[in-house]
Amino acid sequence: MGNTVTCCVSPDGSPRLGRGPGGAAERRGEAYREQEEGIGEAEPGPHLQHISDREFPEDLAQESNPSDHARVSTIFLSKSQTDVREKRKSNHINHVSPGQLTKKYSSCSTIFLDDSTVSQPNLRSTIKCVTLAIYYHIKNRDSEKSLEIFDEKLHPLTREGVPEDYFKNDPDHKHIYRFVRTLFSAAQLTAECAIVTLVYLERLLTYAEIDICPCNWKRIVLGAILLSSKVWDDQAVWNVDYCQILKDITVEDMNEMERHFLELLQFNINVPASVYAKYYFDLRSLADDNNLNFLLEPLSKDRAQKLEAISRLCEDKYKDLSKVAMRRSFSADNLVGIRRSNAIIS
């Protein structure tokens with residue numbers, strides 16, 4: 001990491017970002033300009049830009065893609081808020097009661113827990129939330145921008161093709177769920193793969209500046225699932241395996257769509273842990289707003305013992321880390337609490 005040859009690039013290859021008046025980047029840029037103009041003595045060897053000059057300012061990072069940065073809100077959650085607000089407003093005006101409560105609550109005798117965590121999400125609930133996010137993407141899209149490689153009329157997934165007015169009718173949530181559920185069930189994909197699929201989908205829409213609409217949603221979702229299954233799962237599903245699930249699609253078509261998908265993503269398939277966690281919790285928020293409750297089960301004796309064992313293991317690790325920290329030298333701030341033996345003067 002400290003090698004300036006391997007971690008730096010030339011100034012022609014990457015733009016230099018300013019660091020404010022008197023900053024190190026500005027002084028290096030001034031020295032470089034002086035060398036170009038013949039002022040001063042030029043140092044031997046090529047001029048290399050330090051890696052710190054390539055860091056983005058904070059104001060630019062806030063405007064970045066939500067699939068790349070954890071602090072930027074997800075697109076699907078913001079698109080769903082319009083319908084959520086309208087639904088709440090309509091219920092308030094029409095005095096619609098919430099009806100019988102179906103959500104289970106913990107009591108003194110029974111504790112309800114769901115089996116969905118950020119590291120091991122529930123498959124069925126996660127797919128429902130992801131397909132609901134895709135539904136809001138299609139319903140509240142900004143325009144009809146698309147690409148030919150994702151157009152289902154030009155590249156049909158079935159021999160029957162699509163009707164003439166295929167681009168007018170938005171698919172409902174159940175239709176999207178059945179399509180995604182079929183692929184995940186046949187390919188035996190995990191719930192984590194569904195979250196990564198949504199990350200790639202929003203990254204594609206942002207990078208390529210297109211919209212997901214009735215004419216392209218199946219191929220965009222299929223491309224995102226294809227890529228996420230290869231990146232996430234250790235035993236990836238081959239393109240020919242998807243051709244056995246979708247009987248009428250060819251391997252050449254799958255390969256071409258995968259190449260275009262990767263090029264549009266600029267080959268950025270990295271999903272940081274913070275981004276993954278953000279999408280997981282935003283999907284749970286989406287489920288709460290649309291009454292898609294995760295399955296709750298009463299806490300059994302076996303599961304309670306497993307949770308107790310896990311917490312005990314974490315507690316032991318914390319104690320080991322505390323012992324390691326105590327072996328280090330004390331700082332000046334902690335000298336007050338140290339007891340010293342009385343000196344004996346003979």
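Student: What share of the contacts in the chain with a separation of 6 or more comes from residues 24 or more positions apart?

Tutor: This is a predicted model, in which local features need pLDDT of at least 70, side-chain atom pairs count only at pLDDT 80 or more, and totals for chains, interfaces and linings use all residues. Residues are numbered from 1 along each chain as its sequence is written, and side-chain values use heavy atoms, with hydrogens and water left out. Contact means heavy atoms within 4.5 Å. Of the contacts in the chain with a separation of 6 or more, the share from residues 24 or more positions apart is 82%.

Student: Which pattern does the chain follow when read along the sequence?

Tutor: Helices (H or I, at least four residues) and strands (E, at least two) are DSSP runs, numbered from the N terminus. The chain has 11 helices and two strands. Along the sequence, their pattern is α-α-α-β-α-α-α-α-α-α-α-β-α.

Student: What percentage of the 346 residues in the chain is buried?

Tutor: Buried means under 20% relative accessible area, exposed over 50%, and partly exposed in between (1.4 Å probe, protein chains only). Of the 346 residues in the chain, the buried part is 33%.

Student: How are helix 5 and helix 7 oriented to each other?

Tutor: Axes are lines fitted to C-alpha atoms, for helices over the stretch in contact, and angles run from 0 to 180 degrees between N-to-C directions. The axes of helix 5 (residues 173-187) and helix 7 (residues 217-232) come within 11 Å and cross at roughly 30 degrees. Angles under 35 degrees count as roughly parallel, over 145 as roughly antiparallel, 65 to 115 as roughly perpendicular and the rest as oblique. Helix 5 and helix 7 are therefore roughly parallel.

Student: How are helix 4 and helix 5 oriented to each other?

Tutor: Helix 4 (residues 123-139) packs on helix 5 at an angle of about 130 degrees, with the axes 9 Å apart. Helix 4 and helix 5 are therefore oblique.

Student: Which geometry does the ring pair of Phe179 and Trp217 have?

Tutor: Rings of Phe, Tyr and Trp (its six-membered ring) pair if their centres lie within 6.5 Å; planes under 30 degrees apart count as stacked, over 60 as edge-to-face and the rest as tilted. A search of the whole structure finds six aromatic pairs. The ring centres of Phe179 and Trp217 are 5.4 Å apart and the planes stand at 75 degrees, so this pair is edge-to-face.

Student: How far apart in sequence are the parts that Phe179 and Trp217 tie together?

Tutor: Phe179 is buried at a relative accessible area of 12%, and Trp217 is buried at 3%. Phe179 lies in helix 5 and Trp217 in helix 7, so the pair ties together parts whose separation in sequence is 38 residues.

Student: Is Ala236 buried, partly exposed or exposed?

Tutor: Ala236 lies in the loop between helix 7 and helix 8 (239-245). At 33% relative accessibility, Ala236 counts as partly exposed.
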